[in-house]
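I opened this model to look up its folds, sheets and ring contacts. My notes follow in the order I took them.

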Amino acid sequence: MENKRKYVIPGDVITTGPYRPEQNVILDGNKIISTAIGISEIYDDSIKVIPLTGKYIPKIDDLVIGKVVSHTSLSWELDINSCYVGFLPAQDVFGRDFSAHADELSSKLKSGDLVAARIANFDRTRDPLVTIADRDLGKIDSGHLVKISPSKVPRLIGKRGTMIQTIEMATGAAITIGQNGWVVVSCETPEGLLKAKKAIQMVDEKAHVANLTDQVKEMLESKGES
Amino acid sequence: MTSTSVIDELKKSQILELLEQGKRVDGRALDEPRKLMIEINAIPKANGSARVRLGDSEVICGVKIQPDRPFPDMGDKGIFICTAELLPLSHPSVETGPPGPDVIELARVVDRGIRESHMIDLSQLVIAKNKSVVGVFADNVVVDYDGNLFDACAYATTAAILSSKMPKWEMKDDVPTLVEGGESSVPVTTIPVSVTMGKIGNYIIVDPNGDEWDSMDARITITTDSNGNICALQKGGIGGFTFDEVIKCGEISVKVGSKIREKLKQAKEGGQ
Amino acid sequence: MGGRDTTLVLLDENGIRCDGRKVDEPRRIMIKAGGLKNADGSAYIEFGDNKIIVGVFGPRDVHPKHMSNTDTGILRVRYHMEPFSVTERKNPAPSRREIEISKVIKEALEPAVMLDKFPRTAVDVFIEVLQADGGTRCAALSAASVALADAGIPMRDMVAACAAGKAADTIILDVNNEEDQAGQADMPIGYMPSLEKITLLQLDGVLTPAEYKKCVETGIHGCKIVYELQKKALTEKYFGNGEK
């Protein structure tokens, strides 16, 4: 119990006693049990587990990277790497005077296109509504898509963006992180691209390690090897 | 296989851009297959088996050998049957239930490569003419998908047959009866090897991975035997090939096939 | 390989079973978390000569739509044997036995998974038996729990499973194929150790009330052994060897 942070898996009894169960734990009698693989944290009287695996659950205002998978005459469907399909209505792109007769959806976005989008509405009773009508949102025309576990996105961003800034500065890459674990990397130089991708994958694999920032820095500063 | 999922457009254009520079997304040469790993006897309780990983496509083939009735018009020949199944855990787009056209084509192309090369000497698999013969059943299951299942299944089937121990039966009171200690290898006359090539733009690439598979216009699978002869072929996809391309693919299949044949032989030796 | 059932000694005078085990000793068990590239979660188990892979997808869209539930996610389980997994080549079509086992495994996992946070979705568990050797349902259930945890499906506890049974008038742990064929009883048990709940229980064979009690105790003891190996498999994948 000296160490407050513990590696846990589902069923592990984190502790017993009068604690308040928060995310990813349940109370069974007086036992606090983890429901996820992750790292448990005890703060004052509350206990939670930060998960290391699992699907993306949409949250309003989240920035996500989506892939167009299909469209009807009124809307597009986006794969947002979630339990739910993202729903992008035609009005969002064509404006309020959209006409299902005159406007052809595939002229703007077609199957396979990647977009940066924001979750506009979501309440679990229907598929999440997304929007691309804002600055910095919309179709992505260049870059490489890298996929990581959505649960590791906070680690990739780092405290106040430190991790991502470290990677961008060392490689010269521009990185857009979707909260859904999809990341778009653009870089002028092939070497920078390769290193940035490697750093992102490293965060994905070693998210549980305490001195991860140092390890990533070390890799970025190393010369030559791919 | 399958029209899997939608490939992202950025990756698709990158694949073509790289090909224009003579490169591929995973760094391979155009005529270079992916890393091939063959584990013989992965299923010890089967008569023969192999687990094959071609890049990130993984297939397990199990061979069962048992007495059967011959086909009516082929009483002097044993039976060879080859199947393939995409297990639903191999890819999110795979559904349970009866196989679709893609999977049926897969099984038939693999079967044809073995059959038409006359790999197994079926005339040696007769227990009693017109009454009872030996049946060799090769069942492939795809465990992980990353493109080109034709070759992954073909190599798994070939390796599993090569590793098989065939029991011996004799007719006793008109019933095929197992002879203890009569095990032998399956009578093999040649080692067929298929090589599948994809066409993207005007480029021919060997052993397309999943992303390349989703980007290609047409494909061709050519099976060659140990003598370097072409013995089975299947063109697929909605695009077409020129005469010159078809001839070139034939040459590639012989050249690449001979290297893979050595790997199959080595795997067999290693498994003994 | 001359031994046939007529000559098989299930338990010798020293209390050693036909495969060399003691009465309370399980077969060799190896569990690995992960391994499949495309599945959201996966696991591989070798339990004696059983070899089983499990892949999990989800939570994800439900097809066909009418199966979906607006209040909760649903769990779907398919237990399937490869044609080459058994002595006599198995017909690839699903058998009544496979359908029943799919159902009991699903119901054994239901109390563990928490899908109320994912309405209108499905979690699919695909179990593939590559080689069968008696006790596949317990091995499959144990591997399925690991694959579900690997996929990040919230779980109250993992379900560990092991069979107990009776052969040569003795209660034994982890019934193998020979003991299943020639023995007197086979009782597969699925158990959530932290919550102390039995979620799978079947019995083939006759037991006295006293033997029944002993059999359940023995099976639970086996489940706890399996549970430790499940935890080890996940710990190895997610935290490497650097425990804590």
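**Chain A, overview**

I began with burial: 49% of the 226 residues of chain A count as buried (under 20% relative accessible area; exposed is over 50%, partly exposed lies in between, with a 1.4 Å probe and protein chains only). This is a predicted model, in which local features need pLDDT of at least 70 and side-chain atom pairs pLDDT 80 or more, while totals for chains, interfaces and linings use all residues. Residues are numbered from 1 along each chain as its sequence is written, chains are lettered from A and ligands numbered from 1 in the order written, and side-chain values use heavy atoms, without hydrogens or water.

I then took the extent of chain A. The C-alpha trace spans about 65 × 50 × 25 Å along its principal axes. I listed five helices and 16 strands in chain A (DSSP runs numbered from the N terminus: H or I of at least four residues for helices, E of at least two for strands). Of the contacts in chain A with a separation of 6 or more, 58% come from residues 24 or more positions apart (contact means heavy atoms within 4.5 Å).

**A sheet in chain A**

In which order do the three strands of the open sheet in chain A run? I read 2-5-4, with antiparallel pairing (two strands pair if DSSP finds at least two bridges between them). Strand 2 (13-16) and strand 4 (25-28) of chain A are at the edges with a single partner strand each, so one side of each has no neighbour in the sheet. The twist averages 25° from one strand to the next (axes are lines fitted to C-alpha atoms, for helices over the stretch in contact, and angles run from 0 to 180 degrees between N-to-C directions).

I followed one pairing. Strand 4 and strand 5 (residues 31-34) of chain A run antiparallel and are joined by four bridges. A:L27 stands opposite A:I32 of strand 5.

**Rings**

I searched the whole structure and got six aromatic pairs over all chains (rings of Phe, Tyr and Trp, the last by its six-membered ring, with centres within 6.5 Å; planes under 30 degrees apart are stacked, over 60 edge-to-face, the rest tilted). A:W76 and A:F94 are stacked, 6.3 Å centre to centre with 5° between the planes. A:W76 lies in strand 9 (residues 75-79) and A:F94 in helix 1 (residues 90-94) of chain A, so the pair ties together parts 18 residues apart in sequence.

A:W76, A:F94 and A:F98 form one aromatic cluster.

I also logged a contact between chains. The charged end of B:R51 sits over the ring of C:Y44, 5.8 Å from its centre (NZ of Lys or CZ of Arg within 6 Å of the ring centre and within 35 degrees of the ring normal).

**A sheet in chain B**

I found an open sheet of four strands, order 10-9-11-12, with antiparallel pairing. Its edge strands are strand 10 (203-206) and strand 12 (230-236) of chain B. Seven bridges join strand 9 (residues 193-200) to strand 11 (residues 218-224) of chain B. B:T196 stands opposite B:T221 in strand 11. Helix 2 (residues 101-116) of chain B lies across strand 11 and strand 12, at about 165° to strand 12.
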